[in-house]
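The sequence and the coordinates come first, and the discussion follows.

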Amino acid sequence: MSSSDHHRDSHIVVLGAGISGLVAAYELERRGFTAEVLEAAPHVGGRIHTHRFGTGDGVPFVELGAMRIPANHRHTLSYVEQLGLSERLSIFRTLFSEDGAYHTTSAGFVRVRDAAAELVADFRKGLGGERYPEHTVLFGAWLTAIGNAIAPAAFRSSLHNDVSMKLLELVDGVDLNPFLGGERADRFDLHAFFAAHPALRTTADGRLNRFLDDILNETSPELLRLDGGMDQLTETLRRRLSGPVRCGHEVVGLSVEGEDVVVHIRRDDEVVARRYGQVLCTIPFSVLRGLQLEGLNPDKRAVIDEVTYWSATKVAFLCREPFWENDGISGGASFSGGRVRQTYYPPVEGAPGRGAVLLASYTMGEDADVLGELDETQRHQVVLEEVGAMHPELHDPGMVREIVSRAWGQDRLSLGGGVTRWGKDTAACARERDRAAAPDGRLYFAGEHCSSTTAWVDGAIESALGAVERIDADNLAHSRGARVRSAS
């Protein structure tokens with residue numbers, strides 16, 4: 001009997017058709033299982049959400065969910081290759097990658113190429129009487145600038161002290177000349193620096209170390225995008241599945257009853273209870289904790305309640321033309337500050353005359369809630385006013401054709417844009433991951449909250465592969481046990 005024969009007729013229900021649920025179903029079918037996917041939304045994808053401004057080929061689009069792939073995220077890139085999408089990979093230009101983009105300082109908007117002097121002046125104000133060499137201050141200024149652009153408000157408030165009181169002392173005395181760049185040698189290559197001095201990252205406390213991981217990923221020069229839209233990943237996976245993907249099936253309760261799992265499902269106005277032998281749950285814990293849960297062990301219930309989610313809100317404009325190109329901006333992103341935080345300039349991919357997309361605002365954490373809790377009309381007006389101060393062309397008649405947004409923290413099917421473990425040391429992160437991923441009887445778990453790489457597609461895929469291994473191993477053990485009992 002082959003490794004798959006023992007469970008060729010085994011059936012498993014996957015809850016959630018985000019990337020983790022679709023990957024899990026795909027891999028389970030490859031191992032001989034039959035998989036059925038239940039999804040509450042009317043479409044697949046979860047927090048991979050490519051919004052298209054119209055129908056048919058050549059329409060402009062924007063990523064209202066996941067939009068980039070770090071070059072070291074091997075799980076994601078493996079599926080890009082398996083699904084025949086590798087030729088559609090291209091460079092994703094991010095914050096600080098475009099010299100002509102804007103960065104907000106105490107002096108107002110300045111170009112990134114000209115920002116160093118203002119960043120250093122702002123950073124020195126917080127140093128008090130401490131004196132450091134010029135290049136050490138430059139390091140601190142650029143690191144703080146990246147943190148201010150990416151970190152939510154609560155983290156920004158303490159970031160300056162973390163950098164000035166901890167990292168500057170570690171950096172002081174290191175030769176920083178190899179990491180200086182730009183026409184005035186006033187740009188600092190943080191990625192090359194931390195790659196050359198990895199010990200400085202591990203020396204930092206858990207709060208700062210986790211932060212460094214994320215900001216270096218988000219501003220990496222090796223980020224990738226999927227031309228044509230990230231939803232090609234989830235749509236191609238859905239088409240590869242043999243079993244059904246049932247959209248509009250919302251899980252409202254779960255119960256572990258002996259070796260069975262009872263799933264309460266709402267479809268239209270009816271709630272039905274179905275009993276299954278094994279279930280893989282990829283529902284975000286932010287949503288799961290609000291459902292009717294029975295029979296789960298105390299530690300599983302505790303970790304479901306404990307995992308911390310950050311909100312994420314995106315607001316995008318369909319513009320008549322890519323006016324920013326006339327302003328000397330060819331891509332990348334600006335740090336626009338205020339309530340808007342980050343503004344991205346995606347490549348123009350639609351057919352000529354269809355317009356160009358500006359990702360006018362990308363916010364996380366408390367900043368995302370500030371916008372996300374506004375009604376949609378007010379949210380769009382706030383972003384138009386604030387980005388219009390940086391790009392007055394937005395107020396030209398007919399420039400903005402359409403505005404769309406997605407507030408993941410207020411979306412009842414996500415209640416967050418991703419899990420954060422900032423402020424936790426490496427051991428605490430690993431414990432939370434293991435507790436989140438641990439099965440409860442025949443109820444298994446996957447999703448980025450069950451991974452070592454939270455808030456990224458790669459973590460969701462990593463968790464799906466781990467869950468598939470557990471399910472396969474448990475089925476093999478169950479089959480062997482049954483044969484032993486039968487023989488005796």
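## Aromatic contacts and packing

Phe92 is buried, and Tyr344 is buried as well. The model in which they are found is a predicted one, and it holds 16 aromatic pairs. The rings of Phe92 and Tyr344 have centres 6.0 Å apart and planes at 45°, so this pair counts as tilted. Phe92 belongs to the loop between strand E6 (89–91) and strand E7 (102–105), while Tyr344 is part of strand E21 (residues 341–344), so the pair ties together parts that are 252 residues apart in sequence.

An edge-to-face pair is formed by Trp310 and Trp422, with 4.7 Å centre to centre and 80° between the planes. Because Trp310 lies in strand E18 (residues 309–310) and Trp422 in the loop between strand E24 (418–419) and helix H14 (426–437), this pair ties together parts that are 112 residues apart in sequence. Trp310 counts as partly exposed at 21% relative accessibility, whereas Trp422, with a relative accessible area of 12%, is buried.

| Charged residue | Ring | Distance from ring centre |
|---|---|---|
| Arg52 | Phe61 | 5.2 Å |
| Lys314 | Tyr362 | 4.8 Å |

In soluble globular proteins, nonpolar side chains tend to be buried together. Here the largest nonpolar core has 60 residues, and those with the most contacts inside it are Phe139, Trp142, Phe188, Leu190 and Phe193. Among the elements that give two or more residues to this core are helix H3 (116–125), helix H4 (134–150), helix H5 (153–171) and strand E19 (312–319). The most is given by H4, with 10 residues.

Which residues does Phe193 touch, not counting residues up to four places away in sequence? They are Phe139, Val171, Val174, Leu176, Phe179, Phe188 and Leu200. Phe193 also belongs to one aromatic cluster together with Phe139, Phe179, Phe188 and Phe194.

## Strand pairing

Strands of a sheet pair through backbone hydrogen bonds, either parallel or antiparallel. In this model, 3 strands form an open sheet in the order E5-E11-E6, and their pairing is antiparallel. The edge strands are strand E5 (69–70) and E6, each of which pairs on one side only. E6 is joined to strand E11 (residues 223–226) by 3 bridges, and Leu89 has Leu226 of E11 as its bridge partner.

Strand E14 (residues 260–267) and strand E15 (residues 270–276) also pair in the antiparallel sense, over 7 bridges. These two strands form a hairpin with 2 residues between them, and Asp268 in the turn has a positive phi of about 60°. His264 stands opposite Ala273 in E15.

## Cysteines

How many disulfides does the structure hold? The number is 0. For Cys247, which is in no disulfide, the nearest cysteine sulfur is that of Cys281, 16 Å away. Cys247 counts as partly exposed, at 28% relative accessibility. Cys450 is in no disulfide either, and the nearest cysteine sulfur, again that of Cys281, is 8.4 Å away. Cys450 counts as buried, at 4% relative accessibility.

Notes: Residues are numbered from 1 along each chain as its sequence is written. This is a predicted model: local features need pLDDT of at least 70, side-chain atom pairs count only at pLDDT 80 or more; totals for chains, interfaces and linings use all residues. Side-chain values use heavy atoms; hydrogens and water are left out. Rings of Phe, Tyr and Trp (its six-membered ring) pair if their centres lie within 6.5 Å; planes under 30 degrees apart count as stacked, over 60 as edge-to-face and the rest as tilted. Helices (H or I, at least four residues) and strands (E, at least two) are DSSP runs, numbered from the N terminus. Buried means under 20% relative accessible area, exposed over 50%, partly exposed in between (1.4 Å probe, protein chains only). A charge sits over a ring if NZ of Lys or CZ of Arg is within 6 Å of the ring centre and within 35 degrees of the ring normal. A nonpolar core is a set of buried Ala, Val, Leu, Ile, Met, Phe, Trp, Tyr and Cys residues joined through side-chain atoms within 4.5 Å. Contact means heavy atoms within 4.5 Å. Two strands pair if DSSP finds at least two bridges between them. A disulfide is a pair of cysteine sulfur atoms within 2.5 Å.
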